[in-house]
Amino acid sequence: MSSNGKRRTPLVADKRYQGKATPKKPAAKKPAPARKPRTRKTARRGRPTTLLGWLFWPFRILLRIIWAISWRAGLVAALIITGVSIYFAQQMPPVQTLIDQRARGSVTMADLTGEVFAWRGDQFGGMVTARTVSLHLHNAVIAVEDRRFYAHFGLSPRGIASAIRINLSEGRGPLSGNGGSTITQQTAKLLCLGVPYESSAWESEADYEADCRRTTLARKVREAFYAMGMEIAYTKEEILTLYLNRAYLGAGSRGFEAAAQRYFGISAAEVNPAQAAMLAGLLKAPSTLAPTANIERSRERAAVVVRLMEGQGYLTAAQAQEAITNPAALSRAAEARSGGFFADWVMESGPEFFTRNTTEDVIIRTTLDQRIQRAAEEALVSVFENLVADGSEAQAAIVVMSADGAVRAMVGGRNLRATGAFNRATQALRQTGSAFKPFIYAAALDLGVSPYAMVNDAPQCWSIRGSREWCPENYDREFKGPVTLTQALAESRNLPAIVLSEDVGREYVRNVANGFGLQGELAEGPALALGVSESTLLNITGAYAGILNGGSQVTPYGLLDLRIQGDPAVLMDSQGVGIGNRIISEQAARQLTWMMTRVVEEGTGRRARIDGWEIAAKTGTTNSARDAWFIGFTGDYVTGVWMGYDNNTPLSGVTGGGLPAEIWRETMVRVLEGRMPTPLPMTMPQTAAPAGILESQGGEVVDDDIVNLLDLLVGGEAN
């Protein structure tokens with residue numbers, strides 16, 4: 001390197017920049033303040049800047065206010081609903097205590113063989129659960145009542161909205177008609193929203209239940225809270241169990257177990273798809289759709305349920321078609337509905353605390369023979385269909401009993417399937433007419449008068465105090481002069497009966513009739529002999545049973561024994577009823593029975609004859625033919641028939657020996673079919689020439705006259 005000889009200062013970095021600022025390490029710079037976006041003054045104040053903005057600005061403000069209020073109100077409402085629901089949930093008792101809370105019990109009646117034929121009161125067949133009932137029944141109830149049962153929390157907003165829409169479209173109020181209620185809500189209503197029944201607060205249980213079913217806005221709100229409380233307190237299966245046990249299903253059936261037994265004679269665990277659909281279908285209108293009321297209507301509803309089950313996957317197409325092709329059928333007992341009038345009578349005549357007002361489930365074994373009951377019903381239908389004019393409103397009643405008073409059949413009117421209807425066999429007091437005459441002859445025979453004694457069938461008049469003279473006639477308007485008592489009874493001649501009654505003594509005749517069971521006020525005057533007094537068919541049939549059994553009093557009865565369901569101990573039985581005190585001698589009863597066979601063989605009751613059978617009977621027709629009777633007996637049964645109009649309109653061309661005798665015969669032909677003839681307990685009197693002829697000149701007869709006239713009749717001297 002060349003050098004100029006001068007010494008140079010070493011070049012250092014600091015001097016490389018002479019004349020310039022020495023570079024320094026840059027200091028950390030402060031960030032520049034962010035530039036604020038330039039906004040218009042109006043935007044900072046939240047005001048629009050355009051015409052369209054100004055138009056929508058009030059609505060934006062309103063929406064913000066609504067939202068601010070709504071979510072707060074919603075939160076408060078949710079807290080209130082949750083709190084109230086939890087409150088109700090805490091009040092819920094154990095499920096088992098709610099299964100059966102009936103205030104009234106039930107009565108189940110069985111015939112003399114033990115076969116059930118009638119039910120009364122609120123039937124409860126026993127507890128079932130959602131798991132123990134048939135799976136088909138479980139699914140049918142869900143399908144028809146609440147297909148989202150396992151998805152909701154007690155309420156179904158969609159269902160409620162749909163129900164309101166349907167109600168309004170059909171011109172009803174929003175809460176009238178369809179309710180859109182879930183199974184939980186329906187169960188809440190069945191529990192009356194937790195309000196128990198108290199007899200002191202309600203006139204009857206029916207009033208209490210009617211109030212529970214009342215629909216108001218306030219009750220619907222309470223129902224909703226109660227339902228959600230149930231969902232908190234119970235499982236779904238427990239709620240469904242309550243529903244299955246508490247639902248009313250028609251014909252007095254409470255719960256599906258009782259209904260399955262009532263209609264099909266089986267348990268709810270055994271029902272098939274067709275039966276399950278029919279039971280579930282009853283929930284809509286149990287009384288109207290009950291198969292015992294209208295089986296076809298019930299089957300139509302069941303078909304709807306089957307299609308719902310198929311649509312929701314509970315049944316295959318083949319199963320659904322099978323259920324529709326072979327619909328459910330009633331059990332034999334349910335279909336027959338036999339003995340409704342008889343069952344009503346047992347309920348009325350039994351002890352009130354075990355029948356009409358029972359709080360227990362009672363089992364009563366009765367005297368009813370369903371074979372005989374069917375025979376009586378068929379006979380009545382046959383005669384009215386074949387021998388009575390179409391449109392006739394005439395009525396009839398039948399009672400069949402054994403000699404001891406055990407009632408085997410009872411028909412209280414032409415409506416054979418009636419329950420709780422007017423029973424003409426037990427409730428209708430009607431004049432007995434000539435059916436009363438055997439008790440006059442019973443009184444005479446008991447005093448020793450011969451069946452062959454003579455009495456004068458001639459015109460006579462009696463003076464009635466406070467009235468004009470009474471001059472009765474015979475039905476045929478003829479008088480035959482002297483006739484035997486047997487002929488007079490066989491031909492039902494009025495004058496001989498009056499003469500005999502007057503001479504034996506009305507008081508004695510009245511005592512004999514009362515003794516045999518014809519209670520009540522019997523006529524005081526001579527018309528007593530013509531049956532102007534009233535009786536029920538049951539009582540007069542029981543009185544004839546007293547003649548058959550040898551002259552002892554009979555009390556008709558239908559109860560054999562009574563016990564509480566599930567308890568084998570018998571609380572009541574028929575001991576002490578039936579045959580009572582002796583009223584006339586056995587000899588007199590046997591002679592009277594023979595005299596009454598002449599009524600059928602030779603007299604007014606010939607239309608009742610049955611080949612090979614001995615029959616004793618008496619016809620009866622009242623004044624103006626307002627009542628017609630035929631009461632007769634074989635060696636086994638006493639059967640009484642009455643016919644007439646409820647409003648006392650006279651029968652046209654009908655006497656006791658006519659249609660009533662036909663009904664009697666049609667009944668007994670069926671009852672006696674296949675049986676060996678049983679001889680009657682009777683004695684045919686020896687023929688003896690009478691010592692005199694009994695006559696009366698009218699007026700009152702004193703005791704001495706009675707003795708003297710009886711002397712003539714028996715052909716002997718006074719003792």
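Buried means under 20% relative accessible area, exposed means over 50%, and partly exposed lies in between (1.4 Å probe, protein chains only). The model is predicted, so local features need pLDDT of at least 70 and side-chain atom pairs count only at pLDDT 80 or more, while totals for chains, interfaces and linings use all residues. Residues are numbered from 1 along each chain as its sequence is written, and side-chain values use heavy atoms, with hydrogens and water left out.

**Exercise 1. State how many helices and strands the chain has, and how much of the chain is buried.**

Solution. Helices (H or I, at least four residues) and strands (E, at least two) are DSSP runs, numbered from the N terminus. The chain has 24 helices and 17 strands. Of its 719 residues, 49% count as buried. Next come the contacts, meaning heavy atoms within 4.5 Å. Among those between residues at least 6 apart in sequence, 71% join residues at least 24 apart.

**Exercise 2. Decide whether helix H8 is enclosed or open, and name the helices it packs against.**

Solution. Start with the count: 9 of the 11 residues of H8 (residues 236-246) are buried, so the helix is largely enclosed by the rest of the structure. Among the buried residues are Lys 236, Ile 239, Tyr 243 and Arg 246. Then look at the partners: the buried residues of H8 pack against helix H3 (135-145), helix H5 (183-190), helix H7 (217-233) and helix H9 (256-264).

**Exercise 3. Describe the salt bridge between Glu 524 and Arg 510.**

Solution. The closest N and O atoms of this pair are 3.7 Å apart. Glu 524 sits in the loop between helix H20 (506-516) and strand S9 (534-535), and Arg 510 in helix H20, so that the pair links distant parts of the chain, 14 residues apart. Glu 524 is exposed at 56% relative accessibility, and Arg 510 is buried at 8%.

**Exercise 4. Give the strand order of the open sheet of 5 strands and identify its edges.**

Solution. The order is S5-S4-S16-S15-S14, with antiparallel pairing; two strands pair if DSSP finds at least two bridges between them. Strand S5 (407-411) and strand S14 (616-621) are the edges, each with a single partner strand, so one side of each has no neighbour in the sheet. Within the sheet, strand S15 (residues 627-633) and strand S16 (residues 637-644) pair over 7 bridges in the antiparallel sense. Trp 629 stands opposite Trp 642 in S16.

Note on methods
A salt bridge is a side-chain nitrogen of Lys or Arg within 4 Å of a carboxyl oxygen of Asp or Glu.
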